[in-house]
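Take a moment with the model below. The text after it walks through the fold part by part.

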Amino acid sequence: MHELAVTQSMLNLALEYAERASAQRITRINLVVGEIAGIVDESVQFYFDFISQGTPAEGALLSFRKLPARFRCTACGQEFPLRDGDWTCPACQRLGGEVISGREFYMESIEVE
Ligand SMILES: [Zn+2]
């Protein structure tokens with residue numbers, strides 16, 4: 001259900017852009033998805049195919065660019081990537097930290113005709 005809401009707002013935004021550009025059709029939507037955003041590509045595609053029916057975005061290709069997750073250790077300040085789901089700081093072995101990136105979900109660009 002989470003994906004339905006984000007897909008709906010993504011579609012609304014894309015349609016708004018297309019209208020402003022006086023485009024007839026949206027052919028491609030380039031999306032950026034963080035590794036830990038909790039967004040499943042297939043679900044977004046599934047909902048998109050359904051809710052875009054009858055709009056200028058119907059049949060548009062969705063492209064997903066994955067953004068890796070990165071953390072900053074709250075104890076020692078070390079920045080580190082998520083490795084195999086492990087959130088342990090490689091410098092001080094403390095578990096967890098602050099998320100620097102990886103929760104993103106946004107539209108990078110759209111292609112219209
Ligand atoms: Zn640390």
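Which residue stands opposite Glu 79 in β4? Arg 72 does. Keep that pair in mind; we return to its sheet below.

First, some ground rules. This is a predicted model, in which local features need pLDDT of at least 70 and side-chain atom pairs count only at pLDDT 80 or more, while totals for chains, interfaces and linings use all residues. Residues are numbered from 1 along each chain as its sequence is written, and side-chain values use heavy atoms, leaving out hydrogens and water. Helices (H or I, at least four residues) and strands (E, at least two) are DSSP runs, numbered from the N terminus. Two strands pair if DSSP finds at least two bridges between them.

Start with the sheet β2-β1-β6. It is open, has 3 strands and shows mixed pairing. Strands β2 (61-67) and β6 (105-112) each have a single partner strand, so one side of each lacks a neighbour in the sheet. From one strand to the next, the twist averages 20°. Such angles run from 0 to 180 degrees between N-to-C directions, with axes fitted as lines to C-alpha atoms, for helices over the stretch in contact.

Look at β1 (residues 26-34). It runs parallel to β2, and 7 bridges join the two.

Contact means heavy atoms within 4.5 Å. Helix α2 (residues 41-51) lies across β1 and β2, at about 155° to β2.

Now return to the opening pair. Its sheet is open too, with 3 strands in the order β4-β3-β5 and antiparallel pairing. Strands β4 (79-81) and β5 (98-101) are the edges, each pairing on one side only. Neighbouring strands here are turned by 35° against each other on average, direction ignored. Between β3 (residues 70-72) and β4 there are 3 bridges.

What holds the zinc ion? Cys 73, Cys 76, Cys 89 and Cys 92 coordinate the zinc ion through their SG atoms, at 2.3 Å. Donors are N, O and S atoms within 2.8 Å of the metal (3.2 Å for Na, K and Ca); water is not among the atoms, so sites may look incomplete. In sequence, the donor residues follow the spacing C-x2-C-x12-C-x2-C.
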